[in-house]
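Colleague: I would like to go through the aromatic rings here. Please show the sequence and structure.

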Amino acid sequence: MELRHLRYFVAVASERNFTRAAAGLGISQPPLSRQIRELEDEFGAELFARDSRPVTLTDSGRLLLDYAQDTLNSVERLRQAMRRAIEQSRRRFVIGFVGSTIYGPIPSMIRSFRSLVPDLDIDLVEMNTLAQMSALKDGRIDAGIGRLPFEDPAIGRLVIEQEALVVALPVDHPLAVGKGRLSLRDLEQDPVILYPSEPRPSYADQVLDLFRRHGVTPGAVREVRELQTALGLAAAYSGVCIVPSAVQRLRRDDIAYCPLVEPDALSPIILSWRAADSSPAVGLLCDICARLPVTLTG
């Protein structure tokens with residue numbers, strides 16, 4: 001599979017017509033159809049229902065469309081970043097981060113870092129912790145901010161904060177009355193919404209481990225890809241969700257947040273870097289994070 005396969009696929013999915021898509025791409029229809037068929041052969045699934053007019057995506061096609069658009073957008077961002085780097089001849093410092101950490105101390109830390117290294121182009125890229133570890137070793141990022149603790153001699157790690165966890169539930173849920181502190185056992189009758197569903201291990205496994213440590217079994221478990229989806233489902237009475245306390249800054253009027261009484265209901269925010277990287281920029285970032293108080297926020 002090559003990028004052109006994805007571009008051709010997205011063009012047909014957007015136009016819902018092979019002829020118009022081919023015209024927009026500046027090619028004739030037979031080569032376009034052939035490229036789409038190659039993509040279908042590679043995945044072993046039909047991507048379009050060709051007997052309908054206009055053509056429609058199959059379930060497999062809809063799944064691929066999400067990933068194809070993300071991939072093409074990422075490639076375009078890469079092109080733009082490379083163009084900027086070449087034009088400006090400035091060193092880039094790339095930081096990968098887990099989405100939920102952006103609600104806590106990270107923006108302040110990044111502002112401090114930017115002010116002290118004005119000669120660096122600092123780029124933030126959202127990625128899960130496992131992807132950060134691979135990207136650090138490959139040199140694609142210079143630092144990572146995640147939540148998963150693990151040992152790797154090639155990676156240096158610093159806990160920036162131990163963030164308290166809170167329960168997100170519908171604002172009119174019986175457990176939200178009074179907005180008092182809740183125990184995990186209070187949640188036994190409610191489905192628990194976990195995120196992200198993949199890749200694993202992830203923050204979702206931290207939440208499941210918390211339940212296991214306290215001998216509590218949720219009524220049911222539902223996994224979704226993103227934090228915002230989990231909160232939306234919680235607001236729709238589809239279950240409750242355990243989130244880092246800084247998420248409360250979203251201030252949704254249909255969600256109530258209740259602290260947990262369990263003292264170990266925490267999720268760390270962890271800075272990671274290549275252990276062999278002795279550059280001044282990495283040292284400065286570590287110093288800034290080390291000066292942040294390692295607090296239990298709730």
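Modeller: Rings of Phe, Tyr and Trp (its six-membered ring) pair if their centres lie within 6.5 Å; planes under 30 degrees apart count as stacked, over 60 as edge-to-face and the rest as tilted. The model is predicted, so local features need pLDDT of at least 70 and side-chain atom pairs 80 or more, while totals for chains, interfaces and linings use all residues. Residues are numbered from 1 along each chain as its sequence is written, and side-chain values use heavy atoms, without hydrogens and water.

Colleague: Which residues do ring pairs link into a cluster?

Modeller: A search of the whole structure gives 4 aromatic pairs. Ring pairs join three residues into a cluster: Phe9, Phe18 and Phe48.

Colleague: Is Phe48 buried or exposed?

Modeller: Buried means under 20% relative accessible area, exposed over 50%, partly exposed in between (1.4 Å probe, protein chains only). The relative accessible area of Phe48 is 3%, so Phe48 is buried.

Colleague: What kind of pair do Phe93 and Phe113 form?

Modeller: Phe93 and Phe113 are both buried. Their ring centres lie 5.2 Å apart. With the planes at 65°, the pair is edge-to-face.

Colleague: Which residue has its charged end over the ring of Phe150?

Modeller: A charge sits over a ring if NZ of Lys or CZ of Arg is within 6 Å of the ring centre and within 35 degrees of the ring normal. Here the charged end is 4.2 Å from the centre of the Phe150 ring, and belongs to Arg157.
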